[in-house]
Structures are given as structure tokens and as C-alpha cells.
Amino acid sequence: MTDLPNSFRTGPDERGHFGQFGGRYVAETLMPLILDLERHYRAAQADPAFKAEFDYLLKHYVGRPSPLWFAERLTDHLGGAKIYLKREDLNHTGAHKINNCIGQILLAKRMGKTKIIAETGAGQHGVATATVAALFGLPCTIFMGAVDVARQQPNVFRMKLLGAEVVAVESGAKTLKDAMNEALRHWVANVHDTFYIIGTVAGPHPYPELVRDFQSVIGDEAKAQILEAEGRLPDMLIAPVGGGSNAIGLFHPFLDDESVEIVGVEAAGEGLDGKHAASLAGGRPGILHGNKTYLLQDEDGQITEAHSISAGLDYPGIGPEHSWLHEIGRVRYEPVTDAEALASFQKLTKLEGIIPALESAHAIAAAERIAPTLGKDKVMIVNCSGRGDKDIFTVADALGVEL
Amino acid sequence: MTRFAATFAKPRPALVTFITAGDGDTAANLDALVAGGADVIELGMPFTDPMADGPAIQAANLRSLAKGTTTADTFAMAAAFRKRHPDTPLVLMGYANPMTIRGADWFAAECAKAGVDGVICVDIPSEEDAEIGPALRAAGVDLIRLATPTTDAARLPDVLNGAGGFLYYVSVAGITGLQQAAQASIEDAVARLKAATDLPVAVGFGVRTPEQAAQIAKVADGVVVGSAFIDIIAEHGDAAAPHVEAFTRTLADAIHGAKEIAA
């Protein structure tokens, strides 16, 4: 234990590393831009006007603070720890993704960039990016795997309504990782005027750091809200982890609070023996998309396809800070399967009148598993990272219901 | 004298060619490149996620992987090439993950054993050199660095620190095989690079015709052609070798004679 840091909140180091993870593994063409982005981010961090504009937009445009809801019926049903839901689903555009997009488009403006690009899987980050691009009057191109375009038509139409161009990516497996490859290819050819809004705490430094910082509003609010509601810190935090931006946003402000147990939930898909998206449980460290982190891969380092019923968790990697928190043991990561998430999706809807995103349903499922094992005097906060309206077709399909 | 030094000591610009390992009949295509007059061979290690590559080389990566090409296969192709062609410099080009997954020391040792002279790793910039650079240098394998239109004067010394073999100038800010850079911008860039290093400078990205290659060869020490070969292999499959050789010859003739015409 002697090599553990005094604080878990000081990372990354000046080279963008969290322990052995993170870093800047990009082509030389992008490297000067990454360094430029870091300089501008440092300047923005030191500028009170930047934070003031960020806070203003979060309050008046996004609708923050999001409530911390005591899920009394779910708590009674499970008969254990008190469960609070951090209601990121109530944000404008329906998920936590918008927090980060607001921060990054302010950075883009600060850097004088005139075009916005982003990758998206299910389309939530694409919609959030297209939304802020509309708000700031900047042209926006969203890269989305052709397979995802076909199965997420409502979000594709939303993005188009918001004025974005949606590029259906035909390379590779035609899903999120290929969309990210294509966004990087576009960026490398347009670095002079284009800002890439990465949707999660991954990619080359400083993205994992700045996305985390913009999302930390979740944990900062939750801490103040739970202190008001319970007069003390929670005993446990639970959040779903794909790339891991909602999770790190909730976790980071609590990392140095020793009494708070922290659980991240990975998508175990059909189970860890079958097709899944649990990079920590089923992968090992490697280099992809600009950072070193746990990846699903074969013995030659070829990236393997991820699977989850939740398109937002369907990615073969995970943010590098999560890989570090996993290795040092500060955060425990647990798998939840498609079937478990699907059951929790329905249970929360019926008990609380809240339709969670399938991503969030993974965290609810973990809470269902853990809460009954804890005493009624214990308190947990579960991140309801998004709303489930986008998933009703997927859920209907999985349940064999025809709409 | 290393194979790179011997090659670039010749009083003519070098033709540097790229093909993807396991795409088509690689051994026959490698022989065709040498027979056609290629001076340096870059052999691409296939990767599932070739982020810096355009559609042609992306497709070549996927074709190769679909046939089941492994890292061991790539090294076997390299070792067999070295036995058949003792003097032609051979470079492995690819992405960080397949190169580092078993540890950089393992990779560097395999390169040395197979007779590989240099390595180009697209997504390890000088900032992350520790990931692979020390292991390669210790094994006597040159790490070939990339310079780009966005590499400014402040960064250039870092890019050159630890670089070996030759310097690869990526003439367009973009991905492989698409746009072509303006000749004037290439001339300026090469002059700037040559003022900063004694390494030979080879220019690539978007070079597809003998005419383009000849223009660049007037000012550079080498010209890299990749996607145009990949297109030939995509079209002719396992029977591509004669076409590869014929195209190599037109490029080699244009490049090798470029400076004489200029003079």
C-alpha cells in the first residue's frame, strides 16, 4: 500500500499519464494540436470568465443542478441501503453528455475553431454535440458507424434537425470504434479549423482530464445534495462505465473520501464467457485511440468487437483513469449482463416512474444486487446517467414486443 | 555500413515502397518490388484500427486480417525476405498496439532476428518514445520518425532526437493515399528538414504517379509510394506480382533519373 498516492485526485501527470495509463499516442500530425489544446485548456482553467460562462450555460441551458432523488419505493422493495438517484436523465438532451459538450464548445470558441466534429455510438453524444453546435452557430459533422445509423434512426433524425451532417462510417465493424477512427482521420486532415469534441474520458491527453473536469459537476452537486439530505457522505457510489465519463464525473469529487465505497459497472453483454464489453474484466492494457488503457483484444493486439445491449457501452476500451483506479483498487468494477440490465430497466420504470437509459439500467442492476446486502442505515448514490426514451425500440425488440 | 546508409549513399534518390503484409501474395509482391527497382521496402503490419490510413490501406489491413495474418506470419515474411534479399533495407510499419502487446523488448528482438532494419510506428510520437524507442535502439533497429506539415520548428528537435534510418516527411496533413501536396510546399519542407538533420529525407502520402514521384525526387532523398501498390494488389489479388513489378519499374525510372534531368 506504500506506493498509493496521498490523493487520488491529482492525476494525470504533466505528460497525461494516470500511472501507466493515458498518454498521447497520436500521429505526429495531431501532436502539435494536442499540445495547443492543452495550453488553451490551462488558460481556460485559470480564467474566471470561462468558468462563469460554463456555469451559466449549465444552469440556464442544461437545467442544472440535476435533482438527487430518494428512490423510496425501490429502496423499500430491495429492503437494504437507501438508494438515491442522481438524475442526469433530466438534463437538456436527456443525459450527462451535454455537460462535456458545453465545456468543449467553449474551448473551441476560445481557440478560434470554426468547425465541430464528433463521434457517436447510440447517438446521444452526437445529439448533444449537434445541440451545442446549433447553440453556437457552428457547422457540425457527426461520425457514426453505418450499423448504428441503421439502428438509431430517431437520433440520426434529431442530429439532422439540429443542423448536423451525419456521416455513416462504412469501415471496420461500422460501430463506435470505427466512428472514432473516422473522426480522427477527418480531424488529421482538418486540424487548422476543426475542433474534435470527444464524448468520453478517453482519447489522447488532455481529453480524459478535461472531459472529467467538465463532468465533475455531477459529483460536486451530488456531494452537496447528499450532505443536505442525509447530513453525511454516502457509503457507496454506483455508476455505469463504457468509456466512463458519467462515472468519473460522479466519482472524482469523492475519490479522497475514504469512507465512500465506489463501484463502476461494466457491460457484460451475453456474459463474460460470451460477447461482452467489459474491458477491465475481460481485456488487458493496450494502446488505441490515443491512450493506453484496458482493451478487448486478441493475443496479437488486434482489437476485438465489443457487445452490449446498450449502444453507449458498446466500446472495446475504457477511459485510462478508470484503468488506473481499477489497478490501484480505489474503485471496484463489477459486470452486469444485458439480461440483468433489461430487468432493471423495467423494474425502475414501474417502481419509480423513471425510464432509465440502458446504460443507467446497468448501474441500477448492480444496486439491486448490492443494496440488500447492506444495512438500512447505509446510503448509496446511483448515477441515472440518461433517460431511456432512446432505448424503447431496443427494449421492445429484446422483449419480443412489436411496436 | 547499415543497409540504409548504403542505399542512401547512392548518387540517386531512392524509391521507398509500401505494401501490407498478408494482402495478396506478399512474398511474390516483395520480390517484384525489388526486381522492379525499389530501394527500400516498407512492410505494413495489419491492424484492426488503422487510424492514419485512407480507404485503400484500411481495406488492405482488413483483407489481410480476414485471411488470418498474425504477427508471427509478418515476421516470417520479413525473415524470408531477408534471406532472399540480403541488401535491401526492410522497414516494418504499423501501429503501437500490435508492436507493444508482448512488450517492446520482444518486438525489437524479433525485428533484429528477422533482419528488419527499421520500424515506423504511426501512433507513437516522440513524447511517448519510452514505449518503443529504447528497446529498438538497444536491439540495433532504427526508429524512423515522421515529420508533418504541422511539425513546427519548436518540435522538430524532439522528433529528430532518437530518430534513425531516414526521416519520413508526411507531405499532407491527412491520411494515406488521398490528396497530393503542392510541390512548392514540399520543397520548402524538405529544405527545412535537411537543414536540421543529416538523416536522408523521404517524402510520402498521396504520391501515386511517376510524374509526381519525379518532381519530388528532384528535392528529396527518397519518395514513398504505398496506396497505388495497394490498389494494384486489390485489383489483381494473388496474381498482382507482374503488375507490381511493372509499376515499380516506371516509378524507379522516374525517381532514379530525376536529379539528372534536373541538372
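**Reading an interface, a helix face and some backbone exceptions**

Biologist: How many salt bridges are counted between chain A and chain B?

Modeller: In this predicted model, the count between chain A and chain B is five salt bridges. In one of these, Lys177(A) pairs with Asp49(B), and the closest N and O atoms lie 2.8 Å apart.

Biologist: Which elements of chain A supply at least two residues each to the side that touches chain B?

Modeller: They are strand S2 (21–25), helix H1 (31–45), helix H8 (176–189), strand S11 (284–288) and strand S12 (290–295) of chain A. H8(A) gives the largest share, with eight residues. Sorted by class, this side of chain A holds 15 nonpolar, eleven polar and eleven charged residues.

Biologist: What is the area buried between chain A and chain B?

Modeller: The size of an interface is often expressed as the accessible area that is lost when the parts come together. Here the area buried between chain A and chain B is about 2900 Å², and carbon and sulfur atoms give 50% of it. Of the area that chain A buries against chain B, 25% is supplied by Glu28(A), Arg185(A) and Asp300(A), more than by any other three residues. In terms of residues, the contact takes 37 from chain A and 36 from chain B.

Biologist: Which residue has a positive phi of about 50° although it is not a glycine, and where is it found?

Modeller: Most residues other than glycine have a negative phi, and most peptide bonds are trans. His289(A) has a positive phi of about 50° without being a glycine, and it is found in the loop between S11 and S12 of chain A. His289(A) is also buried, with a relative accessible area of 1%. In chain B, Phe205(B), likewise not a glycine, has a positive phi of about 85°. Phe205(B) is found in the loop between strand S8 (201–204) and helix H10 (210–217) of chain B, and at 11% relative accessibility it counts as buried.

Biologist: Where is Pro65(A) placed, and what is the peptide bond from Arg64(A) to Pro65(A), cis or trans?

Modeller: Pro65(A) is in the loop between helix H2 (48–62) and strand S3 (68–70) of chain A, and the bond from Arg64(A) is cis, with omega near 0°. A cis peptide bond also joins Gly11(A) and Pro12(A), with omega about 0°; Pro12(A) is found in the segment before strand S1 (17–18) of chain A.

Biologist: Finally, is Ser360(A) buried or exposed, and what does its side chain make a polar contact with?

Modeller: Ser360(A), which lies in helix H15 (residues 358–370) of chain A, is buried, with a relative accessible area of 0%. Its side chain makes a polar contact with the side chain of Ser385(A), at 2.8 Å. Leaving aside residues up to four places away in sequence, Ser360(A) touches Pro240(A), Asn383(A), Cys384(A), Ser385(A) and Gly386(A).

Technical notes: Residues are numbered from 1 along each chain as its sequence is written. Chains are lettered from A and ligands numbered from 1 in the order in which they are written. This is a predicted model: local features need pLDDT of at least 70, side-chain atom pairs count only at pLDDT 80 or more; totals for chains, interfaces and linings use all residues. Side-chain values use heavy atoms; hydrogens and water are left out. Contact means heavy atoms within 4.5 Å. Buried area is the accessible area (1.4 Å probe) that two parts lose on being put together, summed over both. A salt bridge is a side-chain nitrogen of Lys or Arg within 4 Å of a carboxyl oxygen of Asp or Glu. Helices (H or I, at least four residues) and strands (E, at least two) are DSSP runs, numbered from the N terminus. Ala, Val, Leu, Ile, Met, Phe, Trp, Tyr, Cys and Pro count as nonpolar, Asp, Glu, Lys and Arg as charged, and the others, Gly among them, as polar. Buried means under 20% relative accessible area, exposed over 50%, partly exposed in between (1.4 Å probe, protein chains only). A polar contact is a pair of N or O atoms within 3.5 Å; within protein, one must be able to donate a hydrogen and the other to accept it, and residues adjacent in sequence count only if both atoms are side-chain atoms.
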